[in-house]
Amino acid sequence: MTDIAEGEVLTDVHRGVGRILLNRPKALNALTTGMVAAIDGALAAWEHTPLSAVVIASTSVKAFCAGGDIRTIREHSLAGDAEASERFFASEYRLNARIAEYPVPVVSLIDGMCMGGGLGLSVHGTFRVVTERAVLAMPETGIGFFPDIGASYFLPRLPGAMGMYLGLTGHRLDAADALYAGLATHFVPTDRLGAVGDALADSPGAPVDVVLNRLADRSPVGGEQAGGGTRGDGLGVRRADPR
């Protein structure tokens with residue numbers, strides 16, 4: 001893999017599958033401007049590459065992505081460098097938009113914490129795979145910030161008043177809750193997560209939905225099979241179109 005942003009983001013193409021690996025485990029993959037630029041740059045470079053899918057994953061056993069690097073943003077604010085903070089958010093929102101419109105399916109593998117900017121990396125993509133260790137939340141209000149990264153679009157599209165509740169409280173969802181809400185599309189146990197990339201590469205002509213369901217165990221949602229038919233429909237962000 002190619003080291004980008006001092007090794008904090010690793011990217012390559014393996015057998016027709018683009019791979020993006022978040023590699024800042026000590027900070028729970030909190031996103032910096034450099035990391036956002038590296039991810040966006042890789043996706044831009046692959047737009048005309050014949051890929052079957054792009055997989056976004058993490059080297060951390062604790063987190064997919066804990067969100068934006070708020071500590072650095074605060075330091076910029078205290079130093080009076082508003083431009084640096086604006087640059088981060090502008091870059092992050094451009095990346096979210098690129099993921100939402102990407103020409104091939106983007107598959108996020110959420111194992112552990114996924115909050116704020118981590119949802120920005122995942123929820124706008126076509127497929128969001130969660131494990132039994134997944135924890136999803138939009139906790140921005142806890143620091144006096146509004147739920148960003150497109151949350152004003154996807155939160156109101158969750159069932160009932162769940163989106164308002166999550167936005168106001170920062171409540172944490174487990175895998176079953178995320179599948180019910182539509183924030184996640186599929187459940188794959190942690191011990192099978194590493195097989196997702198190879199499975200997609202082995203079946204380049206198969207719908208991604210089908211490939212993910214082959215790896216799935218029983219869904220944590222009672223009485224349903226993994227992938228249980230939600231397929232992102234509850235979000236209205238991007239239906240899980242298996243292209």
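This is a predicted model: local features need pLDDT of at least 70, side-chain atom pairs count only at pLDDT 80 or more; totals for chains, interfaces and linings use all residues.
Residues are numbered from 1 along each chain as its sequence is written, and side-chain values use heavy atoms, with hydrogens and water left out.

Let me start with the chain as a whole. It has 10 helices and 10 strands, where helices (H or I, at least four residues) and strands (E, at least two) are DSSP runs, numbered from the N terminus. Of its 243 residues, 52% are buried, and here buried means under 20% relative accessible area, exposed means over 50%, and partly exposed is what lies in between, with a 1.4 Å probe and protein chains only. Taking a contact as heavy atoms within 4.5 Å, 69% of the contacts between residues at least 6 apart in sequence join residues at least 24 apart.

Next, the packing of two helices. Helix H2, residues 70-78, and helix H3 pack at an angle of about 145°, with their axes 8 Å apart; the axes are lines fitted to C-alpha atoms, for helices over the stretch in contact, and angles run from 0 to 180 degrees between N-to-C directions. On the H2 side the contact is made by Ile73, His76 and Ser77, and on the H3 side by Ala84, Ser85, Phe88 and Phe89.

Rings of Phe, Tyr and Trp (its six-membered ring) pair if their centres lie within 6.5 Å, with planes under 30 degrees apart counted as stacked, over 60 as edge-to-face and the rest as tilted. That rule gives two aromatic pairs. Phe88 and Phe89 form an edge-to-face pair, at 5.2 Å centre to centre and 75° between the planes, and both of these residues are buried. The pair of Phe89 and Tyr93 is tilted, because the ring centres are 6.1 Å apart and the planes stand at 45°. Phe89 and Tyr93 both lie in H3, residues 82-100, four residues apart, or about one turn of the helix. Tyr93 is partly exposed, with a relative accessible area of 34%, and Phe88, Phe89 and Tyr93 together form one aromatic cluster.

I will finish with two loop residues whose backbone deserves a look. Arg15, in the loop between E2 and strand E3 (17-22), has a phi near 50°, a positive value in a residue other than glycine, and Arg15 is partly exposed at 45% relative accessible area. Ile149, in the loop between strand E9 (135-137) and helix H5 (151-154), also is not a glycine and has a positive phi, of about 45°, but Ile149 counts as buried, at 1% relative accessibility.
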